[in-house]
Amino acid sequence: MIDEIQDKIEISKKLKERAIFEGFAISGIASIPGSSRIKLRTYALERWLSNNYHDEMKWMEAERRKNIELLLKNAKSVLSVGFNYISSKTKNKNNFKVGKFSQGEDYHKVIYKKLKNIGKWINLEIPDCKWKICVDTSPLLEKAWAEESGLGWIGKNSNLINKQHGSWFTLGFMILTEELVPDKPHQS
């Protein structure tokens, strides 16, 4: 039993280190189904939808958005990562006509590729673990799961904010069937 716990601690640590190695600025792990804060964020989404604030964006109603376990059968953990989009090319430019996050390569592709590399690593380190990558367009309460993973907090601007990186990053996720050791959710 003690060895099993120690193994989970070690593989969880290695997974987050692998995310940093792949070029993510921050990484954290959350357990599924999550804490009461996930229920609170889900309830807020349901209230928003019931008021029809999403108007014609009917895809926002996807049940999978409210229940992460519908995205991957037997899901037990979420790896949340933040990719810093401020580079040496964009750091000192002040007169942007478009957002800094859209400078350079398509962040969806960049994050997906990095997460796919982590998936290959998982296949070697945890062969029985199934995983699913989610980047921006997946029906997932992204900021809520990032907050749950300890990456930061959701600010008044509705962005996830991290003490070291501010809100200058985009998020990516891997849903996993392996039970890992979660990080503490961010405390406001």
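The buried residues of helix H1 are Ile11, Ser12, Leu15 and Ala19; buried means under 20% relative accessible area, exposed over 50% and partly exposed in between, with a 1.4 Å probe and protein chains only. They cover an arc of only 105 degrees around the axis, so they sit on the same side of H1. The arc is taken from the directions that run from the helix axis to the C-beta atoms.

This is a predicted model, in which local features need pLDDT of at least 70, side-chain atom pairs count only at pLDDT 80 or more, and totals for chains, interfaces and linings use all residues. Residues are numbered from 1 along each chain as its sequence is written, and side-chain values use heavy atoms, leaving out hydrogens and water.

**Overall make-up**

- The protein has five helices and six strands. Helices (H or I, at least four residues) and strands (E, at least two) are DSSP runs, numbered from the N terminus.
- Along the sequence, the pattern reads α-β-α-α-β-α-β-α-β-β-β.
- Of the 188 residues in the protein, 40% are buried.
- Among contacts with a separation of 6 or more, 74% link residues 24 or more positions apart. Contact means heavy atoms within 4.5 Å.
- The accessible surface comes to about 11400 Å², and carbon and sulfur atoms hold 50% of this area. The areas come from the Shrake-Rupley method with a 1.4 Å probe; for residues, only the protein chains shown count as cover.

**The sheet**

- Four strands form an open sheet in the order E1-E2-E6-E3, with antiparallel pairing. Two strands pair if DSSP finds at least two bridges between them.
- Strand E1 (26–31) and strand E3 (131–134) stand at the edges. Each has a single partner strand, so one side of each lacks a neighbour in the sheet.
- Neighbouring strands of this sheet are turned by 20 degrees against each other on average, direction ignored. Axes are lines fitted to C-alpha atoms, for helices over the stretch in contact, and angles run from 0 to 180 degrees between N-to-C directions.
- E2 and E6 pair in the antiparallel sense over eight bridges. Asn84 has Phe169 in E6 as its bridge partner.
- E3 pairs with strand E6 (residues 169–176) in the antiparallel sense, over four bridges. Trp131 is bridged to Leu176 in E6, and Lys132 has Ile175 in E6 as its partner.

**Strand E6**

- Eight of the eight residues in E6 are buried.
- In a regular strand the side chains alternate between the two faces of the sheet.
- Both faces of E6 are covered. One side has Phe169, Leu171, Phe173 and Ile175, and the other has Thr170, Gly172, Met174 and Leu176.

**Helices against the sheet**

- Helix H1 (residues 2–21) lies across E1, strand E2 (77–84) and E6. H1 runs at about 145 degrees to E1.
- Helix H4 (residues 107–125) also packs on the sheet, touching E2, E3 and E6. The direction of H4 makes about 35 degrees with that of E6.
- The buried residues of H1 pack against E1, E2, H4 and E6.
- The face of H1 turned away from its buried side carries the exposed residues Ile2, Asp3 and Phe21.
- H1 has 20 residues and reaches 28 Å from its first C-alpha to its last, close to the 28 Å expected at 1.5 Å a residue. The expected span is 1.5 Å times one less than the number of residues.

**Backbone details**

- Most residues other than glycine have a negative phi, and most peptide bonds are trans.
- Ile32 and Pro33 are joined by a cis peptide bond, with omega about 25 degrees. Pro33 is in the loop between E1 and helix H2 (36–50).
- Asn52 has a positive phi, near 60 degrees. Asn52 lies in the loop between H2 and helix H3 (63–66). At 39% relative accessibility, Asn52 is partly exposed.
- Ser158 also has a positive phi, of about 70 degrees, although it is not a glycine. The loop between strand E4 (153–154) and strand E5 (160–161) holds Ser158. Ser158 is partly exposed at 38% relative accessible area.
- Gly23 follows H1, and its phi is positive, near 110 degrees.

**Asn74**

- Asn74 is in the loop between H3 and E2. Asn74 is exposed, with a relative accessible area of 51%.
- Leaving aside neighbours within four places in sequence, Asn74 is in contact with Leu176 and Thr177.
- Asn74 and Glu179 are 105 residues apart in sequence, and 9.9 Å apart in space from C-alpha to C-alpha.
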